[in-house]
Amino acid sequence: MTNLRSFIEGMPKCELHVHIEGTLEPEMKFQLAKRNNVQLPYKDEKALKAAYDFDDLPSFLAVYYEGMSVLLTEQDFFDVTYAYLTKARSQNVRYAEMFFDPQAHTARGVTFDTVIRGIRRAQLQAETALGIRSQLIMCFLRDWSAEFAMATLLQSLPYKEWIIGVGLDSDEKNNPPVKFAKVFQRARAEGFLLTMHCDVDQEGSVGHIWQTIRDIGVNRIDHGVNSLEDPGLCEEIKHRSLALTVCPISNAYVTDGSKSQAIAEMLRRGMRVTVNSDDPAYFPGYMNENLQRVQEEIGLDKQQLVQLAANAFESAWLPRATRDSYLAELRAYAA
Ligand code: ADE
Ligand code: ZN
């Protein structure tokens, strides 16, 4: 099989599914713990990494939330965001839409203002200093109440200009999309674009994906791999040109495999599938490693790799002209 590693590395890319808190690398976790006098329950980075032994979504989420205890000041949020954007830029990611989980911080007494100002400052600095553009998607935690989500939405309104859309993440079990119908209806009325996680191989995955379309009216679906179990659902997703943000290395950690074959099938069906990194500090691999993994597993050719990147730029929540200029850059690279 042709090795397309350098082709992948050089390709202009767009990331649509990455959690800022999921980019907190072990080294920075220890640095911030020291700076903030937070005691981590691990003696060193090696012991910490040994705990990254997930076999499903809840076992990952427990470690993910524990790790956030070191994020306390605006500077901490700046540092973690800037480090991600630096890494992404080094991999030729030209544009990223990044999730953040404000409730995971406000519930610990860190203010919404602290979180978003740190992130925003990093975005602006990275755009000027590194040439990587980014936007923010605010996620609600689905294992908390709809009331808490609504209160968070209202709290975010003064910062509306800094947030392009809202999403839904955390533990999906017994927390279907419809639980948040009112919150998402209000978010849409406020001008936010909408997406939701439909994590892989969950109880009722197919029904949940239908809910995001029929009951919520999402503009995108995060993961959504199980849509392939229902041909009618695939047609609906295609008909609505909804992007699916698939995360292969993440899948390999929390499900029975990377689901690379599902990516091949979605490409074959002409669905707008994209490849992303999710929580790269926990599921080791940023954009290039995720694309390489799929390329190696199913033998993607250059044209298919370009299609995956084009799907992402086309689905980015950016003005038409901006998307077109990224797509032109991608086409020039492919030629
Ligand atoms: N929070 C961070 N990463 C997540 C994922 N992959 N699924 C659900 N919630 C998350
Ligand atoms: Zn995710």
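## Aromatic pairs and a ligand site

Phe283 has 1% relative accessibility and therefore counts as buried (buried is under 20% relative accessible area, exposed over 50%, partly exposed in between, with a 1.4 Å probe and protein chains only). This is a predicted model, in which local features need pLDDT of at least 70 and side-chain atom pairs pLDDT 80 or more, while totals for chains, interfaces and linings use all residues. Residues are numbered from 1 along each chain as its sequence is written, chains are lettered from A and ligands numbered from 1 in the order written, and side-chain values use heavy atoms, without hydrogens and water.

**Exercise 1.** Classify the ring pair Phe54 and Phe283, and state where its members lie.

*Solution.* Step 1: rings of Phe, Tyr and Trp (its six-membered ring) pair if their centres lie within 6.5 Å; planes under 30 degrees apart are stacked, over 60 edge-to-face, the rest tilted. This rule gives 21 aromatic pairs.

Step 2: the ring centres of Phe54 and Phe283 are 5.8 Å apart and the planes stand at 85 degrees, so the pair is edge-to-face.

Step 3: Phe54 is in the loop between α3 (45–50) and α4 (57–67), and Phe283 in the loop between β8 (272–275) and α14 (287–298), so the pair links distant parts of the chain, 229 residues apart (helices, H or I of at least four residues, and strands, E of at least two, are DSSP runs numbered from the N terminus).

Step 4: Phe54, at 7% relative accessibility, counts as buried.

**Exercise 2.** Classify the pair Phe78 and Tyr82.

*Solution.* Step 1: the centres are 5.4 Å apart and the planes at 10 degrees, so Phe78 and Tyr82 are stacked.

Step 2: Phe78 and Tyr82 are 4 residues apart in helix α5 (residues 74–90), which means about one helical turn between them. Both are buried.

Step 3: the charged end of Arg121 sits over the ring of Phe78, 4.4 Å from its centre (NZ of Lys or CZ of Arg within 6 Å of the ring centre and within 35 degrees of the ring normal).

**Exercise 3.** Which side chains make polar contacts with nitrogen atoms of ligand 1?

*Solution.* Step 1: the residues around ligand 1 include His19, Phe60, Tyr64, Asp199, Asp278 and Asp279 (a heavy atom within 4 Å).

Step 2: a polar side-chain atom of Asp199 is 2.8 Å from a ligand nitrogen; for Asp278 the distance is 2.7 Å, and for Asp279 2.7 Å (polar contact: N or O atoms within 3.5 Å).

Step 3: alone, ligand 1 exposes 260 Å², of which the protein buries 99% (Shrake-Rupley method, 1.4 Å probe).

Methods
A polar contact is a pair of N or O atoms within 3.5 Å; within protein, one must be able to donate a hydrogen and the other to accept it, and residues adjacent in sequence count only if both atoms are side-chain atoms.
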